[in-house]
Amino acid sequence: MDTWRQLKPLEWCKYVNKEVKVTAHEKQQHHGWVFTVDPVSASIVLVTFQEKGGTPMVRVVTGHAVQEVEVLQEGNEETAGRLRVIFTPPGAHAFGPEEVRHRKERLRLWLEKNRIPVEEKGEMLCVANVLTVSAPYGAEDCSSSNEIILARVQSLVESNPDSTPDQPANS
Amino acid sequence: MRPHVSVLRLPRGPDPNGRGFDPNSPRFIALCPTTISASTETGTDSVQMREEQRARSVLRESFLRTLIAMTNKQVQFHMYERVKVEAKFGASDIDVLNFQVSELHTPIGVQKEALLRCQDVISYSFDL
């Protein structure tokens, strides 16, 4: 009965993005797509998609109650994407490293165009030695001990005509 | 809306403190795991350890997102002895041993705030 809980994380990973049938204590049986397995409690998170695209149902089977896990179907890129999307909170942005670099470049050029002294210090943009901007180089990523400069640079960042509007993560 | 029941003090159970929540109670020690699953250092090289640790982080982060998605939602808890209760999920502790819930609907009434022992739960479900 303890075999499920004693699997290693890499073995649990093999069940992610697969449709499984979980048999639990007291003859409970549950189907669903495995979103994740908690490494601390060995709980299995199963997602069931509704037929007509309604809100998905999530069921978690606690690790200590798991008796058997049977794989019914392998998932693919599409199912992985669907699972990922439903747990991403609305408004979360995920930028790839390329895009982050572009954002930094665009911001640096915009600041220079407005005659603001800016230099690159590693991953951060340093403005006039009193303000830093870190990834992903939005208005909220500015940091300074001087309120006035902070406010001015923030409004400048927001008014950058070159910056692409933030998009939710694609899956 | 059903009226709330006042907090009942049930007769003392087998352990005098905390009814199984106390980390030193025999029930807690018997049921709650003291270690999490991990490879031992000897017999595995460091590359595999790194892989394992990365896998563990990814799995755990996904699970934490599940808990976040569950917050303030109505959750049905299926417990042992075919007990089914419904409540609004509040928070979990780090070891996923206790859940804090509100408006717990039980056969004897609605408890305004309650703590559920995860060891008593077989599965729980909610709609996103």
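Helices, of at least four residues, and strands, of at least two, are taken here as DSSP runs numbered from the N terminus. On that basis, chain A of this predicted model has 4 helices and 9 strands.

**Chain A as a whole**
- From the N terminus on, the elements of chain A follow the order α-β-β-β-β-β-α-α-β-β-β-β-α.
- Chain A has 171 residues, of which 40% count as buried.
- Among the contacts in chain A that link residues at least 6 apart in sequence, 46% join residues at least 24 apart.

- H30(A) lies in strand β2 of chain A, which covers residues 29-37.
- The relative accessibility of H30(A) is 10%, and H30(A) therefore counts as buried, the cut-off being under 20%.
- Leaving aside neighbours within four places in sequence, H30(A) is in contact with V20(A), K21(A), V22(A), L46(A), R59(A) and V61(A), and also with S123(B).

**Helix α2 of chain B**
- Helix α2 of chain B comprises 25 residues, 46-70.
- At 1.5 Å a residue this helix should span 36 Å, and its end C-alpha atoms are 36 Å apart, so the two values agree.
- An α-helix has 3.6 residues a turn, so residues three or four places apart point the same way.
- Buried residues of α2(B) include E52(B), A55(B), R56(B), L59(B), R60(B), S62(B) and F63(B).
- Further along α2(B), T66(B), L67(B), A69(B) and M70(B) are buried as well.
- Just after α2(B), N72(B) takes a positive phi of about 65 degrees.

**Cysteines**
- The structure holds 0 disulfides over all chains.
- C126(A) has a relative accessible area of 8% and is therefore buried.
- C142(A) is likewise buried, with a relative accessible area of 10%.

- Rolling a probe the size of a water molecule over the atoms shows where empty space is left.
- The count comes to 2 cavities of 30 Å³ or more.
- The largest cavity has a volume of about 100 Å³.
- This cavity is lined by 13 residues, and the closest to its centre are S41(A) and H64(A) together with V96(B), L97(B) and Q119(B).
- The lining of the largest cavity divides into 5 nonpolar, 6 polar and 2 charged residues.

How values were computed
Residues are numbered from 1 along each chain as its sequence is written. Chains are lettered from A and ligands numbered from 1 in the order in which they are written. This is a predicted model: local features need pLDDT of at least 70, side-chain atom pairs count only at pLDDT 80 or more; totals for chains, interfaces and linings use all residues. Side-chain values use heavy atoms; hydrogens and water are left out. On a 1 Å grid over the protein atoms alone, a cavity is a set of points where a 1.4 Å probe fits but cannot get out, and a pocket is an open set with protein on both sides within 12 Å along at least five of seven lines; lining residues have an atom within 4 Å of a point. Grid points are joined across faces, edges and corners, and a volume is the space filled by probe spheres set on the points. Ala, Val, Leu, Ile, Met, Phe, Trp, Tyr, Cys and Pro count as nonpolar, Asp, Glu, Lys and Arg as charged, and the others, Gly among them, as polar. The expected span of a helix is 1.5 Å times one less than its number of residues. Buried means under 20% relative accessible area, exposed over 50%, partly exposed in between (1.4 Å probe, protein chains only). A disulfide is a pair of cysteine sulfur atoms within 2.5 Å. Contact means heavy atoms within 4.5 Å.
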